[in-house]
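User: Could you walk me through how to read packing in a model like this one? I would like the general idea each time, then the case at hand.

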Amino acid sequence: MRPRYLVPAIYIVFLLLPIYWLLNMSFKTTNEILGSFTLWPKTFTLASYETIFTDSTWYSGYIASIEYVIINTVLSVAVALPAAYAFSRYRFLGDKHLFFWLLTNRMAPPAVFALPFYQLYSAVGLFDTPWAVALAHTLFNIPLAVWILEGFMSGVPKELDETAYVDGYGFWRFFFRIFMPTIAAGIGVACFFCFMFSWVELLLAKTLTSVAAKPIAALMTKTASTSGYQLGLLAAAGSLTLIPGAVVIYFVRNYIAKGFALGRV
Amino acid sequence: MAGDVMTKTINQKAWLFVIPVVVLVAFNAIIPLMTVVNYSVQESFGENTFFWAGVRWFEELLSSERFHASLLRSVMFTAIILFIEVPLGIAISLTMPRKGPWVSVCLVLMALPLLIPWNVVGAMWNIMALPDIGLLGHTLNAIGWSYNYTRQPFDAWFTIVLMDVWHWTSLIVLLCYAGLVSIPPAYYQAAKIDGARPWAVFRYIQLPKLKYVLTIAILLRFMDSFMIYTEVVVVTGGGPGNSTTFLSIDLVKTALGQFDLGPAAAMSLVYFLIILLLSWLFYTLMMRNEAR
């Protein structure tokens, strides 16, 4: 091994330490956690995981989270596709201003919008549904998706469109049959980022839900604060939230770096 | 927009393609923003009684020491974060393997922290930093640093800065790595023939290529570290005292904790404008780079 690989190697060890510690805690008994400092579980237990999988408030939290993340990803990318196409192919009145205005929403701190969002979604009767969170998250995910997709689309030569029209393709047939497969990697990257930012955001997700659509991550905060000091349970719930992210990364691993390179660089 | 290089046809019908996006984003952005503007100029009593307050909240806010202190803390945090994460991210991306099976391993492991819900990140570091039973806290105490992040402001800052470095350096690494792999091998060969030293290769070949991705990375890191909320609340709750109360935390305390709608709204607007102004500066710089 060459010595320069030490830098990424040390960095990865640093990344894995807190994750290891979380997993370690999740397999310990509460007594062991509070009683002593141990580097690995002395009495290995799955009790914390059992609690989560048997208590419906816990696992329904997972379902709620995944529900709004998927709605948000599909919605954001679906509306961003035609918009990104317009930005990459045409000039129209106010296009640049509109593009910047969209980006400003990626800059809006969720803390600013928490209270008005609560009132808005209560007023339209969507409060405490996955739709409220999914729609609220489009605020920052649509601009991001447009930004990423526009980059990919601009990399596709315009001749592709023109040839297709000459061959007698209508616009939508061209868009779905030829254009979308061409920028499949870009759609993948956009989906990845929408998934990521919707999955990790919590302030809005927590504000817009109370019981029925409470996300898993918010349930954790509640456990930590109300039912005393159940670190094992907290750690187990936390460990389980790593899984969707890890699965998604595994599928897009070859696109992450390439995606950035093709799209925006 | 990258597409500006390409010749584009003028077509006003393109608006039709943009309408769904505009409607959705406007619903989410303009209505709440107008609510905030509305609150910011009024005084609220009880449930639904409002009085006109003019620019009073803005005047109070801009001269309030509490706001200055929170703003200063946010600025300091963002500066420290950028100062550590950007060079570190570049260094890691430069030393990462470029081909072979280890590339995927590195990318997957490095992307992992980016996909953990923010409060889980907080909970994780909370557990990690507990002075008696956490790995970090226990180790630091064992080597003679009487570390306690719930009591000492310096320790609290140390913990959240370390947490943010852990959480977000990978974003910079991934972006820079993408920039580096897109450099054609011919460039390196030419440098080798000329006998360029590694520093010269970095300075004249790699850094210019990284300039654009770095702008995106810095822009994203600036915005997100300036808006940081969840992770810090979970770990320190803004304390000890107010030592880690950043703008966003102060804002949520005012709006949802004390229900002071007017001052909170005024603060939201000022906060948003600061981010907007700085991001606009970055954005125009970016566009200028791209035009060249």
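This is a predicted model: local features need pLDDT of at least 70, side-chain atom pairs count only at pLDDT 80 or more; totals for chains, interfaces and linings use all residues.

User: Which residues is A:Ala145 in contact with, leaving aside its neighbours within four places in sequence?

Analyst: Residues are numbered from 1 along each chain as its sequence is written, with chains lettered from A and ligands numbered from 1 in the order in which they are written. Two residues are in contact if their C-beta atoms, placed from the backbone, lie within 7 Å. For A:Ala145, the partners are A:Ser76, A:Val77, A:Ala80, A:Ala190 and A:Cys194.

User: How do α7(A) and α10(A) cross?

Analyst: Helices are DSSP runs (H or I, at least four residues), numbered from the N terminus. Axes are lines fitted to C-alpha atoms over the stretch in contact, with angles from 0 to 180 degrees between N-to-C directions. Here α7 (residues 130–154) and α10 (residues 184–200) of chain A come within 9 Å and cross at roughly 160°. Because angles over 145 degrees count as roughly antiparallel, α7(A) is roughly antiparallel to α10(A). Contact residues include A:Leu144, A:Ala145 and A:Ile148 of α7(A), and A:Ala190 and A:Cys194 of α10(A).

User: How many residues of that contact are nonpolar, polar and charged?

Analyst: Ala, Val, Leu, Ile, Met, Phe, Trp, Tyr, Cys and Pro count as nonpolar, Asp, Glu, Lys and Arg as charged, and the others, Gly among them, as polar. The contact of α7(A) with α10(A) has 11 nonpolar, four polar and no charged residues.

User: Which residues have the most contacts inside the largest nonpolar core?

Analyst: A nonpolar core joins buried Ala, Val, Leu, Ile, Met, Phe, Trp, Tyr and Cys residues through C-beta atoms within 7 Å. Buried means 20 or more other C-beta atoms within 10 Å, exposed 12 or fewer, and partly exposed in between. The largest core has 158 residues, and those with the most contacts are A:Ala80, A:Ala83, A:Ala145, A:Val146, A:Leu149 and B:Ile127. Helix α7(A) gives the most to this core, with 16 residues.

User: How many residues of chain B are in contact with chain A?

Analyst: There are 80 in chain B, meeting 83 in chain A. Helix α1 (residues 14–40) of chain B supplies the largest share of chain B's side, 14 residues. That side has 62 nonpolar, 16 polar and two charged residues.

User: Why does B:Leu269 count as partly exposed?

Analyst: B:Leu269 has 19 C-beta neighbours inside 10 Å, so it counts as partly exposed. This residue lies in helix α12 (residues 261–291) of chain B.

Conventions
Helices (H or I, at least four residues) and strands (E, at least two) are DSSP runs, numbered from the N terminus. Angles under 35 degrees count as roughly parallel, over 145 as roughly antiparallel, 65 to 115 as roughly perpendicular and the rest as oblique.
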